[in-house]
Amino acid sequence: MAKEMIAMLLAGGQGSRLYALTQNLAKPAVPFGGKYRIIDFPLSNCVNSGIDTVGILTQYQPLVLNEYIGNGQPWDLDRLHGGVHVLPPYQQASGSDWYKGTANAIYQNISFIQRYDPKYVIILSGDQICKQDYSEFLKFHKEKNAEFSVAVMEVPWEEAPRFGLMVADEDDRITEFQEKPKNPKSNLASMGIYIFNWDILKKYLEEDEADPASENDFGGNIIPNLLRDNRRMYAYHFSGYWKDVGTISSLWEANMEVLDPEHSGINLFDDDWKVYSRNSGMTGHKVGKGGKIENSMITDGCRINGTVKHSILFAGVKVEEGAEVEDAVVMGGSIIHSGAVVKHCIVAENVEIGQNAVVGAMPADGEKGVATVGSGVSIGDGAKIGPNAMVKTNVKGGEEQW
Amino acid sequence: MVKSNADALGILFPNSYDSLIPELVTERSMASIPFGGRYRMVDFVLSSMVNCGIDNISLIVRRNYHSLMDHLGAGREWDLTRKNGGLNIVPPFAEKSVKVYNGRVEALASILEFLRSQKETYVVMADTNIAANFDFNALIDAHIKSGADVTVVYTEEEIPQSAKEAHGVGQDLYYTLKTDDGGRVTDMYLNSVEDGIQKFVMNYYVVNRELLIQQISEAYIRGYVYYERDIIAPHLDKMNVHAFKYDGYVARIGNLKSYFDENMKLLDDANLDALFDPSPIYTKIRDDNPTRYVGDAKAENVLVADGCVIEGEIENSILFRGVHVGKGAKVKNCVLMQDTEIGEGADIEYVITDKRVSIGAGKELKGADTHPMYIAKRQKV
């Protein structure tokens, strides 16, 4: 039974700029928004758009991601025909290889795609926070009778040089592609989300693989080759919320934006476009007699006996009496002991912050550092973690780290 | 074969004690009464069984079971979508001979064929009016060790006032025990009104499956209705019935007041931990987003599930999933079930709102601690 469109989700990224957060897990598995992981967004988009077959290409630290995806049931992707499939690199009769680039990752899974005999393939990126209806994108692709379409965002001209840019005519047909140019001719940034006609994608993947000089990258090789051959390529304008959470500060910022859906445009509270995730299964959160919560998001299993302001707490976080949490992202299972002060920072999963310890600080003197504490780390009583610190190992009581 | 599962199958009676709490069961059964912020009563006994490796569980339903079926679905959240065993909901009229049952005997008679075809040595039976994190393995082990025909679980407590008051109505029988030093039950009393600490039956039983089939076949022919009254109590001299004391945390729903009190008790961390820490309690997943505290929200001593938006003040209350408390609203000593809407500036105290109740802006509603005010499902105030 042929599928109209299947999705291939690139989830192999190491996310090296997230440092302490991606020591043991791939970037798409990084927790986000109180009870989600980044990959929940593209997966939920797929389901909400009617795509029921998704291949997830993994490579770097895949254990957490594999376990999290499981059989895909939380996203309604446990299907008889199709559903979600985790696709790590594997050994073939002709030899084996790691995924050498984004295009090579798809190339190595041509036989997977072929099984579903799709008309279209959508290539997604596993490291963006974005709610997007891919069926609208496909509609555009069909209307333009395109062979390749790319979702683009208008970005401010001064920021344009940081992106891969699509230069398009009035009909949105792409005439040129500029990768991080000094002198941009366009402010339409590629979101790294593509729809291909399957026959075209297959042809260009095979051609690209045969070229020993190629880096096997969509942006670097496939798109330029399509342009060279004057293929029908179109740019699809997307204007909703989109954020690449590739750095600590952008991850922190995106979390804070979730707290203000009225202004930021990222609304996780929309019943018509739910974001699905694997559930913690914990009981409701409890605010004790001394607890105080302002403008925050709290989820199941939390116990709040201290003060929480403008923060996001994931499942099972404990904030003891007299502790203060502000402008912070505190991931699942972390404990903040009494009197500790946790501000303007990201605290990863299962961290323990000792009594009266200080982690991070509110921005002052133009300093905007987001202190980061890696998962499983224990911060001793009275220890001090500066606003720019990146903590990967335990910090003893009373010590300071900047 | 590796034996990781208990050698017992489970049978639940979701409608037992429905009549104690008529307000909450007009559209549901005892088993599907919401409890503790995000659960239904059935979740506790069902999860306890699953956590003990009992993965063949039947629910014999009698009436108003739509909400229960909706809640349980195929049983996936409790890991009960199994090829062998799993979740089995038995409605009335499922077979030609099956009617709406009265006591346990008639209920069990309707599944005799099923019981005969199962492989497990033991049957664990339970009602759903109690929320407990119960270790069924300890019960089964004690049953095997004592060599009893039937083992009855009890708690040591005073007979709740709600039970004494309700007594006399057919479905609401309760039992107390006397035992000898070896733990064998010597007497079983029906609807006792004795004061002081009693051995109060929890309505959890283990019995050997073959024996149960025999007991039910015989009792059904004689027209017996109640398992305890008609089968166990009169035959304590011939039958080896043992008592098993449970001293863990028990939340027993006896009437609307005790429903309110048992919810409120969970605001004490010690109680919350006692009920939820021993092993996980599973429930239907709704995919709510985390709860949001906005603007001038204030919260003190509350248990809140996901999916709520709090813009007002909440105190000493239990909020189920998807509750919205508007700006300036005050909620004190309340139990607000799923998707309750509290309008801006409303002021409510000692109120239980059922699912999807909506309280208009500025409305003031006060119950009393002895008589919480109940507002039925989907009502608009």
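This is a predicted model: local features need pLDDT of at least 70, side-chain atom pairs count only at pLDDT 80 or more; totals for chains, interfaces and linings use all residues.
View 1. Of the area that chain B buries against chain A, 25% is supplied by B:D287, B:R292 and B:Y293, more than by any other three residues. Across the interface there are 22 residue pairs in polar contact, both residues of each pair being at pLDDT 80 or more.

**View 2. Salt bridges between the chains.** Six salt bridges are counted between chain B and chain A. In one salt bridge, the side chains of B:D269 and A:K286 meet at 2.9 Å, N to O; because B:D269 lies in helix α10 (residues 269-276) of chain B and A:K286 in strand β16 (residues 285-287) of chain A, this pair joins two chains. The two partners can be set side by side by their accessibility: B:D269 is partly exposed, with a relative accessible area of 27%, whereas A:K286 is buried, with a relative accessible area of 4%. The side chains of A:R303 and B:D273 also meet in a salt bridge, at 2.8 Å, N to O.

**View 3. Strand pairing across the two chains.** Strands β16(A) and β15(B) run antiparallel and are joined by three bridges. Within this pairing, A:H285 stands opposite B:V304 in β15(B).

**View 4. Salt bridges within a chain.** A search of the whole structure finds 46 salt bridges over all chains. In one of them, the side chains of A:E324 and A:K343 meet at 3.4 Å, N to O; since A:E324 lies in strand β23 (residues 324-330) of chain A and A:K343 in strand β25 (residues 341-347) of chain A, the pair ties together parts that are 19 residues apart in sequence. In chain B, the side chains of B:R229 and B:D230 meet in a salt bridge of 2.8 Å, N to O; here B:R229 counts as partly exposed at 35% relative accessibility, and B:D230 is buried, with a relative accessible area of 11%. A network of salt bridges links A:K3, A:D52, A:D76 and A:R79.

**View 5. The surroundings of B:N316.** B:N316 is found in strand β17 (residues 313-319) of chain B, and a polar contact of 2.8 Å joins its side chain to that of B:N301. Not counting residues up to four places away in sequence, B:N316 touches B:M264, B:L267, B:E300, B:N301, B:V302, B:N333 and B:C334.

**View 6. The surroundings of A:G219.** A:G219 lies in helix α7 (residues 218-228) of chain A and counts as buried, at 13% relative accessibility. Leaving aside neighbours within four places in sequence, A:G219 is in contact with A:F177, A:Y194 and A:P224. The C-alpha atoms of A:G219 and A:A103 are separated by 9.0 Å, although these residues are 116 residues apart along the chain.

**View 7. A hairpin in chain B.** Strand β9 (residues 175-179) and strand β10 (residues 185-190) of chain B run antiparallel and are joined by five bridges. In this pairing, the bridge partner of B:L177 in β10(B) is B:M188. The hairpin that β9(B) and β10(B) form has five residues between the strands, and B:G183 in the turn has a positive phi of about 90°.

Definitions and conventions:
Residues are numbered from 1 along each chain as its sequence is written. Chains are lettered from A and ligands numbered from 1 in the order in which they are written. Side-chain values use heavy atoms; hydrogens and water are left out. A salt bridge is a side-chain nitrogen of Lys or Arg within 4 Å of a carboxyl oxygen of Asp or Glu. Helices (H or I, at least four residues) and strands (E, at least two) are DSSP runs, numbered from the N terminus. Buried means under 20% relative accessible area, exposed over 50%, partly exposed in between (1.4 Å probe, protein chains only). Buried area is the accessible area (1.4 Å probe) that two parts lose on being put together, summed over both. A polar contact is a pair of N or O atoms within 3.5 Å; within protein, one must be able to donate a hydrogen and the other to accept it, and residues adjacent in sequence count only if both atoms are side-chain atoms. Two strands pair if DSSP finds at least two bridges between them. Contact means heavy atoms within 4.5 Å.
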